[in-house]
Amino acid sequence: MIRLYDYALSGNCYKVRLLLRWLELEYETVCVDFYPGFEHRGEAFLEVNPLGQIPVIEDEGVTIRDAQAILVHLAGNYDKSGKWYPLKQPNLLGPIHSWLAFADGLTATCSAARLHDAMFMDVDIDKARNGAERLLRILDEHLWFRERDGADWLCGSDHPTIADIACFPYVALSEEGGIPQLPYPAIQRWMERFQRIEKFEPMAGMMPLAMPASDRIAGNTGG
Amino acid sequence: MNLVKKTTMWPVALEREVLPASLARAGFFGKELVVWRGDDDVIRVWEDHCPHRSVRLSAGRNLGDSIQCIYHGWRYGKDGTVIEIPALNHEARSDISVNVMSSAVAGGLVWVTKNGGNCTPDNVQAGNGAVLLRPLPINVDADAARAGLQDASDGQLFITPADENACTVFGYAMARGKESEIETARRCNAQLSRLRRRLEAGGTT
């Protein structure tokens, strides 16, 4: 069975839990007390991942670290629909991977600011927030023009991909790091669409209410 | 370009981007606003605070006939008054209301006034072929933005102060040659983004 080294308040662990849920995969969890226990820096965990980062999965004797790599592994191997990581549409793989790399940038900025504010970690907070603003502007612009093309998601046409899963958590949690979402209306609409995906489950810090159904997106409502 | 200066009303959202069952947010002179479309297709603009415990309403739900606050479930009907308090036998309280902004839709934009005056936008020149631009947030005050955007595009720009240090640029542009709507929007968005980089770096032209 897949084993996930997990921490409830980590957006990078949450994105892996979300995909495991959407792919209906069974897994067992090893809880890593990231804060205040700092177990990810302890001897035992460093043998699992010498980088001292969560999440990690073990699957059929293979250990995979890095949240984005784990998404690739899970969707690539187990997604029967072939939509989350569309290997049969190679033209989408480059764009998807560019957003997976973008998600690393969100970890370095949005997530770092949240670790500073919520878990008192040593972070250059101005640099983190300024960097986050730069990325959120790029994301908002991309999503606005995607809507104008009638598209809901970061890549592809009719279905979200692991690019959306990779980018969603730390964007949705950005205000916990003092990074406002108010200037980014296209991002807000994308987050609402994401939360309406069937069987979506929030994590702590996210809107827990069920969203009322809506089938309209801004790109195709005339005007 | 026509940069509208003297005005008593400002755009806060694109009309087509205010979706049913959804809640949009906007900054306006230091206030936060929630913009929502009811099941009657009417767009309303309120201050984004629950009068009960001041949680922002945009974190809650648009139920079509009302907005429900995420915190204690208070529901505010279309006129802004409380129509249900779940913990008080689901009572309505018509004496408690959100702060309702005077608003109107014109030229594809949602407009609000500052001090409750009648909102009748009359300076919109969205004629045939005018393309609505992507709203662009800029981290300078509205006066600096107005100075820095003097030479922008060939349409009409409206600058809405978000607070003392930031604003949002709304506007239209005309297509050039055989440009599609998206191409016009992309060209102007790129131009305004260049001007924004200059403005935020401290220059004005």
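Let us start with the aromatic residues. Across all chains of this predicted model, there are 19 aromatic pairs. I shall describe two of them and then a cluster.

In chain A, A:Tyr5 and A:Phe45 form an edge-to-face pair, with 6.0 Å from centre to centre and 65 degrees between the planes. A:Tyr5 belongs to strand E1 (residues 2-6) of chain A, while A:Phe45 belongs to helix H2 (residues 43-48) of chain A, so this pair ties together parts that are 40 residues apart in sequence. Both A:Tyr5 and A:Phe45 are buried.

In chain B, please look at B:Trp111 and B:Phe158. Their ring centres lie 4.9 Å apart and their planes stand at 80 degrees, so this pair is edge-to-face. B:Trp111 is in strand E12 (residues 109-113) of chain B and B:Phe158 is in strand E15 (residues 156-163) of chain B, so the pair links distant parts of the chain, 47 residues apart. The relative accessible area of B:Trp111 is 0%, and this residue is therefore buried. B:Phe158, at 3% relative accessibility, counts as buried too.

Returning to chain A, ring pairs join A:Trp22, A:Trp84, A:Phe168, A:Trp190, A:Phe194 and A:Phe200 into a cluster.

Rings also meet charges in chain B. The charged end of B:Arg44 is placed over the ring of B:Trp36, 5.6 Å from its centre. Likewise, B:Lys114 lies over the face of B:Phe29, with 4.2 Å to the ring centre.

I turn now to the helices of chain A. Which helix is largely enclosed by the rest of the structure? It is helix H6 (residues 162-172) of chain A, because eleven of its eleven residues are buried. Among them are A:Asp164, A:Phe168 and A:Tyr170. The elements that cover the buried residues of H6(A) include H1, H3, helix H4 (90-119), helix H5 (125-148) and helix H7 (185-195) of chain A.

Helix H1 (residues 11-22) of chain A and helix H3 (residues 67-78) of chain A meet at an angle of about 5 degrees, and their axes are 9 Å apart. Angles under 35 degrees count as roughly parallel, and H1(A) and H3(A) are therefore roughly parallel to each other. On the H1(A) side, the residues in contact are A:Asn12, A:Lys15, A:Val16, A:Leu19 and A:Leu20. They meet A:Ala67, A:Gln68, A:Ile70, A:Leu71, A:Leu74 and A:Ala75 in H3(A). By class, this contact of H1(A) with H3(A) comprises eight nonpolar, two polar and one charged residues.

Note on methods. Residues numbered from 1 in each chain as written. Chains lettered and ligands numbered in written order. Predicted model: local features only at pLDDT ≥ 70, side-chain atom pairs only at ≥ 80, totals over all residues. Heavy atoms only, no water. Axes fitted to C-alpha atoms, helices over the stretch in contact; angles between N-to-C directions. Helix = DSSP H or I, 4+ residues; strand = E, 2+ residues; numbered from the N terminus. Parallel < 35°, antiparallel > 145°, perpendicular 65-115°, else oblique. Contact = heavy atoms within 4.5 Å. Nonpolar A, V, L, I, M, F, W, Y, C, P; charged D, E, K, R; others polar. Phe/Tyr/Trp six-rings, centres within 6.5 Å; stacked < 30°, edge-to-face > 60°. Buried < 20%, exposed > 50% of the residue type's maximum accessible area, 1.4 Å probe, protein only. Lys NZ or Arg CZ within 6 Å of the ring centre and 35° of its normal.
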